[in-house]
Amino acid sequence: MKRFLIILLILPTLLALSVDLQRTLEIYGNFLEMYKKGDFSHPFLELLNRELQNLSLYRYYKSLLDKSVDRRETNPDLGSYIARIYDAAFFEDENEQLAASIFLAYLASKLSHAKFTSEMIMKNDAVVKFFTNYRDVVTKEARSFFSWIVSYQLGLCEERPPVEVEVETVELPEEITYRFTPPSNLVHIKDLTLFYADPAVQNTLKEAVPRAKQNIIADPSRAMVYINREANFLARDIFKPVTAFQTQIAKEAVKITPVKSNLSWLRFLAYGILIYLFRKRVKVLMILISIVLALEILLFLFFFEPFSTYQGLAYGLVAIFGLCFSAILIVRRFISRKNILDFLFLIALVVVLSLPLIRNCESL
């Protein structure tokens with residue numbers, strides 16, 4: 001019951017943030033629809049579509065450049081590479097920027113065949129970058145905002161902050177010359193006003209003002225230092241509502257994302273049933289196995305997913321063992337027949353497989 005009441009108190013606050021929850025989800029939904037229809041008219045989707053074509057090439061060159069200097073606890077995953085597109089994109093506002101980061105998280109899960117969850121959104125590099133920057137900007141503005149409030153309560157600022165502030169009669173030494181100038185560039189003033197109403201902030205503020213007053217009386221020449229220090233303490237309390245907003249929007253994004261069922265695994269069930277039915281008829285069974293292998297090879301050729309871990313593993317095993325088996329056969333034929341064409345074919349095959357396919361890439 002207590003947890004339910006806390007959610008009821010937090011949710012209206014989240015909906016009223018400068019980064020509008022409903023607007024962000026609306027833009028995210030539009031990205032999903034446009035991507036599904038193959039409509040890349042939006043500048044972000046146009047950039048995304050173009051850079052995805054270069055993704056494999058980018059990963060190849062990055063591995064060559066960074067393999068000796070890149071020191072990480074974990075290797076970069078698909079989401080890490082896609083997040084580079086987020087760094088290069090331009091957005092009209094924070095709502096579109098956040099929607100794009102969530103869409104990149106969705107795209108990473110889709111390409112890697114992973115389940116799209118709120119945890120995946122929270123851990124995605126693009127989403128992490130957005131909220132890291134958002135926290136930094138809001139925290140920086142919060143220091144000026146709370147300095148304004150503390151200064152006003154101490155009588156060191158004439159202009160009233162845009163919040164309900166209890167004004168107390170404070171007697172400070174006359175030699176104090178410091179006067180606080182209200183900031184004019186608080187972009188997230190709406191967010192800060194809501195954070196100000198948080199009970200934790202209010203409790204910290206009740207302790208901060210008397211402490212600043214006591215320090216200023218003891219050393220009037222450092223009034224600005226004491227006020228800024230208390231403002232820094234107050235600014236730290238905004239991390240909780242920002243984290244709550246991040247969690248909430250991740251859950252809402254998962255809810256509105258359509259889930260596509262992958263039924264391709266049913267073919268293996270059909271294969272097993274057919275093999276079981278014809279297990280005693282050896283000739284039919286061999287023909288059936290040949291058809292299954294031919295069908296899977298065609299599926300590999302036309303529907304291969306390069307970002308799928310399992311398909312990549314299967315493709316690698318087939319390619320390696322197929323190459324080794326072909327090489328053995330060609331070497332045996334060359335030894336027995338001394339045919340130079342067989343030997344040249346073997347060399348050409350090794351050269352082709354060892355060199356990457358580099359296409360024309362004007363963006364590099």
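Is R222 buried, partly exposed or exposed? I looked it up: R222 counts as partly exposed, at 37% relative accessibility. For my notes, buried means under 20% relative accessible area, exposed over 50%, and partly exposed in between (1.4 Å probe, protein chains only).

Before going on, I note the ground rules. This is a predicted model, where local features need pLDDT of at least 70, side-chain atom pairs count only at pLDDT 80 or more, and totals for chains, interfaces and linings use all residues. Residues are numbered from 1 along each chain as its sequence is written, and side-chain values use heavy atoms, with hydrogens and water left out.

**Salt bridges.** I searched the whole structure and found six salt bridges. The term means a side-chain nitrogen of Lys or Arg within 4 Å of a carboxyl oxygen of Asp or Glu.

**D219 and R222.** Their side chains meet in a salt bridge, 4.0 Å from N to O. D219 is partly exposed at 24% relative accessibility.

**E26 and R23.** I found a salt bridge here, with the closest N and O atoms 3.5 Å apart. Both residues lie in helix α2 (residues 21–37), three residues apart, about one turn of the helix. Helices here are DSSP runs (H or I, at least four residues), numbered from the N terminus. E26 is partly exposed at 45%, and R23 is partly exposed at 37%.

**K129 and D87.** K129 forms a salt bridge with D87, the closest N and O atoms being 2.7 Å apart. This pair links distant parts of the chain: K129 sits in helix α8 (residues 125–153) and D87 in helix α5 (residues 78–88), 42 residues apart. K129 is partly exposed at 32%, and D87 is partly exposed at 43%.

Note on methods. Helix = DSSP H or I, 4+ residues; strand = E, 2+ residues; numbered from the N terminus.
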